[in-house]
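Please consult the sequence and the model shown below.

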Amino acid sequence: MRSLLRYWGYLSLALAIAGWVVHLFTLTVVLILSVAAVGYFTLQAPVWCGAVTRTGQLCRNNSMGLLLGCHLREHKWQKLTMAFVPKKWRDINRGLWTSPREGMATLSGIAAAVSAVAAVAAIALH
Ligand SMILES: [Zn+2]
């Protein structure tokens, strides 16, 4: 159960998508679920660090969230600053697809972001 709880963001995203497809909830609920999922994937999902090390390899330490690095302070700093430097986006992009698990988290994060934006738009247009 514990290990399942670590993946709650996927469940949240699945519920948000269900909300779109079968109109299970109101748009506000879909929005909350989507925003929660975005937060989960950027800050909490269990993924590899993916920061570029001095040898040009990608760091394989476990970390939490696509935007945060592992326990090495240098890597946390590197990943956060990379997000604001367009020239470094290629490096970040490499780190986002290191294994199927990272790819899955990346795609889910994008889906959650799209869902959140769409929910905001849908609510605004009502
Ligand atoms: Zn690292």
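Which residues does Ala45 touch, not counting residues up to four places away in sequence? In this predicted model, Ala45 touches Gly9, Tyr40, Gly65, Leu66 and Ala105.

**Overall architecture**

The chain contains 6 helices and 2 strands, and from the N terminus on these elements follow the order α-α-α-β-β-α-α-α. Along the principal axes, the C-alpha atoms occupy a box of roughly 50 × 35 × 20 Å. Of the 126 residues in the chain, 28% are buried. Where contacts link residues at least 6 apart in sequence, 54% of them join residues at least 24 apart.

**Nonpolar core**

The largest nonpolar core has 16 residues, and Ala16, Ala37, Phe41, Ala45 and Ala112 touch the most other members. Two or more residues are given to this core by each of helix 2, helix 3 and helix 6. Helix 3 provides the largest share, 7 residues. In soluble globular proteins, nonpolar side chains tend to be buried together.

**Helix 6**

Helix 6 spans 37 Å from its first C-alpha to its last, close to the 38 Å expected at 1.5 Å a residue. Its buried residues are Ala105, Ser108, Gly109, Ala112, Ser115, Ala116 and Ala119. An α-helix has 3.6 residues a turn, so residues three or four places apart point the same way. The elements against which the buried residues of helix 6 pack are listed here.

| Packing partner of helix 6 | Residues |
|---|---|
| Helix 2 | residues 8-22 |
| Helix 3 | residues 27-43 |
| Strand 1 | residues 46-48 |

Note on methods:
Residues numbered from 1 in each chain as written. Predicted model: local features only at pLDDT ≥ 70, side-chain atom pairs only at ≥ 80, totals over all residues. Helix = DSSP H or I, 4+ residues; strand = E, 2+ residues; numbered from the N terminus. Expected span 1.5 Å × (residues − 1). Buried ≥ 20, exposed ≤ 12 C-beta atoms within 10 Å, placed from the backbone. Contact = placed C-beta atoms within 7 Å. Core = buried A, V, L, I, M, F, W, Y, C linked by C-beta atoms within 7 Å.
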